[in-house]
Amino acid sequence: MMLRFRKMMAVLLAAALTLTMLTACGGGGSGRGKAVNEMVELTKSVNEVLKKDGYTEILKYDAELDKTAYLYRVYRENSDVRGINNDWKDKNVNRRLFKVDVLEAKKADSASKIAEEIKPTLENIKGDDWSIGYCVESKENSKKEVVSREFTIILEWKEVTK
């Protein structure tokens with residue numbers, strides 16, 4: 001009887017975690033399409049900032065990386081970004097994780113802040129095909145006013161074969 005109960009609880013917990021994973025990240029309840037369009041525009045803005053600074057790499061928005069960013073945001077919220085990146089490096093995973101906080105009053109500078117954060121990685125790894133994904137979480141004060149947005153960013157690259 002107790003074994004059956006445990007199995008049933010395990011199935012329910014797995015189902016709940018699966019549903020949690022499938023929720024959209026960064027949307028505002030207005031549909032996933034709008035969130036994707038916002039992320040595509042953000043990626044274009046990041047590319048413009050990088051181009052002004054002399055970078056030739058072009059980032060491509062990848063909605064699949066949004067899911068990965070969301071999972072790291074939710075399930076590894078207190079994880080050390082450096083530790084995750086070192087783990088990926090040790091396993092030869094061509095990804096890096098970044099966290100960027102942007103004050104709501106300076107949200108127009110989001111692309112610049114993201115570009116500044118990822119530049120060292122772009123400098124160290126040249127000639128690759130780059131993809132980026134985001135999870136954006138709004139931070140509120142006690143009055144439920146948005147005061148900042150935290151970006152969890154996944155940058156991924158594939159070696160270009162010639």
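Strands β2 and β4 pair in the antiparallel sense over nine bridges; strands count as paired if DSSP finds at least two bridges between them. The strand and helix names come from DSSP runs numbered from the N terminus, with helices (H or I) of at least four residues and strands (E) of at least two. On this pairing, Lys99 stands opposite Thr152 in β4. Strand β4 also runs antiparallel to β3, and 13 bridges join the two. Here Cys135 is the residue that stands opposite Thr152. Between β3 and β4, which form a hairpin, there are five residues, and Lys144 in the turn has a positive phi of about 65°.

Before we go further, a word on what you are looking at. This is a predicted model, in which local features need pLDDT of at least 70 and side-chain atom pairs count only at pLDDT 80 or more, while totals for chains, interfaces and linings use all residues. Residues are numbered from 1 along each chain as its sequence is written, and side-chain values use heavy atoms, leaving out hydrogens and water.

Now look at the interior. In soluble globular proteins, nonpolar side chains tend to be buried together. A nonpolar core here is a set of buried Ala, Val, Leu, Ile, Met, Phe, Trp, Tyr and Cys residues joined through side-chain atoms within 4.5 Å. Buried means under 20% relative accessible area, exposed means over 50%, and partly exposed lies in between (1.4 Å probe, protein chains only). The largest such core has 25 residues, and Val46, Leu59, Ile118, Tyr134 and Phe151 have the most contacts inside it. At least two of its residues come from each of α2 (32-52), β1 (59-61), β2 (95-103), α5 (110-124), β3 (128-140) and β4 (146-159). Another core of nine residues lies apart from it, with Leu65, Tyr70, Cys135 and Ile154 among them.

Setting aside neighbours within four places in sequence, Val46 is in contact (heavy atoms within 4.5 Å) with Leu59, Ala111, Ile114, Ala115, Ile118 and Tyr134.

Next come the aromatic pairs, of which the structure holds two. Rings of Phe, Tyr and Trp (its six-membered ring) pair if their centres lie within 6.5 Å; planes under 30 degrees apart count as stacked, over 60 as edge-to-face and the rest as tilted. Tyr61 and Tyr134 are stacked, because their ring centres are 6.3 Å apart and their planes lie at 15°. This pair links strand β1 to strand β3, 73 residues apart. Tyr134 is buried at a relative accessible area of 1%, and Tyr61 is buried at 18%. The rings of Trp130 and Trp157, with centres 5.4 Å apart and planes at 45°, are tilted. Trp130 sits in β3 and Trp157 in β4, 27 residues apart.

Finally, turn to the charged side chains. A salt bridge is a side-chain nitrogen of Lys or Arg within 4 Å of a carboxyl oxygen of Asp or Glu, and by this rule there are eight. One of them joins Lys119 and Asp53 (2.3 Å, N to O). Lys119 lies in helix α5 and Asp53 in the loop between α2 and β1, so the pair ties together parts that are 66 residues apart in sequence. Lys119 is buried, with a relative accessible area of 10%, whereas Asp53 is partly exposed at 41%. Another salt bridge joins Glu137 and Lys139 (3.8 Å, N to O). Through shared partners, salt bridges also join Asp53, Glu116 and Lys119 into one network.
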